[in-house]
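Biologist: I would like to learn how to read a model like this one. Could you take me through it, feature by feature?

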Amino acid sequence: SENPQRSMAKVLSLSTMAIAFGKVLFGPLIDKFGGVLCLQVALSLLAVSLGIIASAVNFSTFAWAWIFVDFIFSSCWAACLNAIHQSFSEQEWASKIGTLATAARTGNAVSFLTFASILQLAQTKAINIGVYGVQPWRIVFLIASLIQVVPIILLAKFGGAPNSFKSIKKNKGTSDMEQKS
């Protein structure tokens, strides 16, 4: 049997390769199908994968779900940027991307603080078995899984149709040419 450090080293190596492969694979898919749809699919797959991590009963299941999370997550920034391009006019892109970057950093800080607090509370209270016999780290992954529903709903409600502003821009360009004739 392999020692835990070697097993985890393999998982981290494969995760790093999955990130690189995901970036290469998903870029063209995002360009073809649009950022909103791709981001909804990616977030749905992340929710499922994080749920699998939270409920994994063996290391192999945990490891493959972890690698898949990195593979899918590698596409999220590109999908976010593409979703902004398809949902907002070109004049709004810079401010929306700035808002997204700020929200992402703030969200990361709040998430890590919340998750660290859950883990610290479990440790300081000497709750070894967690809630209903569930280890505290599983609760963290379960919450992370459930939180994915929020952006999925927001994208469904506020995300633009693929190429919606590009087609407006093309039509505007045609009408400008027609006016010059």
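Predicted model: local features only at pLDDT ≥ 70, side-chain atom pairs only at ≥ 80, totals over all residues.

Biologist: Where is Ala47 found, and what does Ala47 touch?

Modeller: Ala47 is in helix H2; helices are DSSP runs of H or I with at least four residues, strands are E runs of at least two, and both are numbered from the N terminus. Contact means heavy atoms within 4.5 Å. Not counting residues up to four places away in sequence, Ala47 touches Ser145 and Gln148. The C-alpha atoms of Ala47 and Leu146 are separated by 6.5 Å, although the two residues are 99 apart along the chain.

Biologist: How many helices and strands are there in the protein chain?

Modeller: The protein chain has 8 helices and 0 strands. Of its 181 residues, 30% count as buried. Among contacts between residues at least 6 apart in sequence, 74% join residues at least 24 apart.

Biologist: Which residues of the largest nonpolar core touch the most other members?

Modeller: A nonpolar core is a set of buried Ala, Val, Leu, Ile, Met, Phe, Trp, Tyr and Cys residues joined through side-chain atoms within 4.5 Å. The largest one has 30 residues, and Leu39, Leu46, Leu50, Ile53 and Ile72 touch the most other members. H2 gives the largest share of this core, 9 residues. Leaving aside neighbours within four places in sequence, Leu50 is in contact with Val69, Phe141, Ala144, Ser145 and Gln148.

Biologist: And how is empty space found?

Modeller: Rolling a probe the size of a water molecule over the atoms shows where empty space is left. On a 1 Å grid over the protein atoms alone, a pocket is an open set of points where a 1.4 Å probe fits, with protein on both sides within 12 Å along at least five of seven lines; lining residues have an atom within 4 Å of a point. The largest pocket holds about 1,800 Å³ of space. Of its 44 lining residues, Leu43, Phe73, Ala104, Asn108 and Gln148 are the closest to its centre. The largest share of the lining, 13 residues, comes from H5.

Methods. Residues numbered from 1 in each chain as written. Heavy atoms only, no water. Buried < 20%, exposed > 50% of the residue type's maximum accessible area, 1.4 Å probe, protein only. Points joined across faces, edges and corners; volume = space filled by probe spheres on them.
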